[in-house]
Amino acid sequence: MKKMIIHGGHKLRGEVVIGGAKNSTVALIPAAILSESKVTLDSVPHIKDVYNLMAILEEMNVHSDFDEDTNTLVLDPTEIKFKPLPNGKIKSLRASYYFMGALLGRFGHAIVGMPGGDDIGPRPIDQHIKGFESLGASVSNEHGAIFITAPKEGLHGARIFLDMVSVGATINLILAAVTANGQTSIENAAKEPEIIDLATYLNNMGAKVRGAGTDTIRIEGVPHLYARNPHTIIPDRIEAGTYLAMAAICGDGVNIKNIISEHLDSYLAKLEEIGVNMEVGEDSIFVYPSGELHAVQIKTGPYPGFATDLQQPITPLLLKAQGDGIVIDTIYPKRVRHVPELIRMGADISIENDVIILHHVNHLQGAEVTADEIRAGACLMIAGLMAEGTTTISKVENILRGYDRVVYKLQALGADVKIIDDPE
Ligand SMILES: CC(=O)N[C@H]1[C@@H](OP(=O)(O)OP(=O)(O)OC[C@H]2O[C@@H](n3ccc(=O)[nH]c3=O)[C@H](O)[C@@H]2O)O[C@H](CO)[C@@H](O)[C@@H]1O
Ligand SMILES: C=C(OP(=O)(O)O)C(=O)O
């Protein structure tokens, strides 16, 4: 295990370049096994989820070559061998469930352990399973591993209405349906930019996915997919949002580059309401030092609503603002692992009926805290940078799972931060 040590109170200035989106990358890598030719991905983030997915692919004889200087990942699924994946690395990340749809699409069957990932409250996968069954597959749960089998004649297209908007179910069903016989429609689909990124990638391999980014996605199955061109992954809007909050709190002029600002509309609207002084450029946002900040109310929702993954990173900004800030996470109402840790740092926060109430504090004090999940970790990292004294964050692997070269990026902005081995 590793710990992050932050000596807070330094002003951040300069520029930071946002990496490729974690939540796209973790779908695009499993989706590569649908291709019958080599796949090249550009702008791949250096995150633990990527290395774990590469290890899972290796178990299936899919070799990968990650050039960390150019951020290019080449995956070779041409000699793929079917492998049951009930345990092991599959448990190290949430998105390993995309091997259900991808293996089903490639081999007509899949054995995949229930996924791991962040502890942010219940995360059922009933909609994924309902969708696989609609496509004709039989699904059973045997000792915590999901067994999925297509009928002899293969999966068939179907009309699937999701009971709730789910990113994971939308992606998994696209993966299973792209090579099914006939037409599939996914209604009440998730509209996240990462879903459009996946559709673009698959369509460039010869898939026929229409309507990604709207409520209804229509897929015409094709028998074979071949990747021909490199695919450049979209920028990580959650990483961008994290640096935007950090720059607004501790910045003395920070330019955040490689941003698609439209992907952050609801977030940027809140930053403006809070009083953050920014200039939105074509693919970058410059954050000026902050003047007076005002607390606001935030309610998370499916895209284009305010992302649940940004409610914790924006929390330190709400603590700094004048007045009482309110956060209601409608996606994960129990996503509050950051709260007791922030209280250790001197924050005044209460939770009533899943409503988080944040009272203004003049300063936070460094403390020993734990990153119980990725965005709680990001929140504590920002809190540590704004606090007086030293903050030690344990379980920092949860941050490294999804934040590209975070120590290097923070140091380049002038932060006093390092990661050390934690023998405990
Ligand atoms: C790898 C990845 O992309 N992770 C993101 C993805 O997670 P993930 O895809 O797991 O999240 P979903 O969009 O599926 O979940 C949305 C809501 O639907 C519920 N649900 C979902 C599926 C299902 O079968 N049954 C069900 O009840 C969930 O409990 C949750 O309350 O979207 C989340 C919501 O934007 C983000 O926080 C995660 O960062
Ligand atoms: C919840 C998240 O990730 P995952 O779905 O991979 O656990 C996240 O990125 O905030």
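A strand, as the word is used in these legends, is a DSSP run of E of at least two residues, and strands are numbered from the N terminus. The model shown is predicted.

**Figure 1. Gln297 in strand β17 of the predicted model.** Gln297 belongs to strand β17, which covers residues 297–299. Around Gln297 there are 13 other C-beta atoms within 10 Å. Gln297 is therefore classed as partly exposed, because this class lies between the limits of 12 or fewer for exposed residues and 20 or more for buried residues.

**Figure 2. Gln297 and Thr370.** Along the chain, Gln297 and Thr370 are 73 residues apart.

**Figure 3. Lys22 in helix α1.** Helix α1 spans residues 22–31 and includes Lys22. Lys22 is buried, because 26 other C-beta atoms lie within 10 Å and the class requires 20 or more. When neighbours within four places in sequence are left aside, the residues in contact with Lys22 are Pro45, Ile47, Asp49, Asp236 and Gly402.

**Figure 4. Lys22 and Asn23, listed by UniProt under "binding site".** The annotation comes from an unreviewed UniProt entry, which lists Lys22 and Asn23. Asn23, like Lys22, is found in helix α1. Asn23 has 26 other C-beta atoms within 10 Å and is therefore buried.

**Figure 5. Confidence of the predicted model.** The average pLDDT of the chain is 96, and 99% of the residues score at least 70. For the model, the ipTM is 0.99 and the pTM is 0.98. Where pLDDT is low, predicted coordinates should not be read in detail.

Note on methods
Residues numbered from 1 in each chain as written. Chains lettered and ligands numbered in written order. Predicted model: local features only at pLDDT ≥ 70, side-chain atom pairs only at ≥ 80, totals over all residues. UniProt positions renumbered as here; feature names shortened; annotations may be inferred. Helix = DSSP H or I, 4+ residues; strand = E, 2+ residues; numbered from the N terminus. Contact = placed C-beta atoms within 7 Å. pLDDT = per-residue confidence, 0-100.
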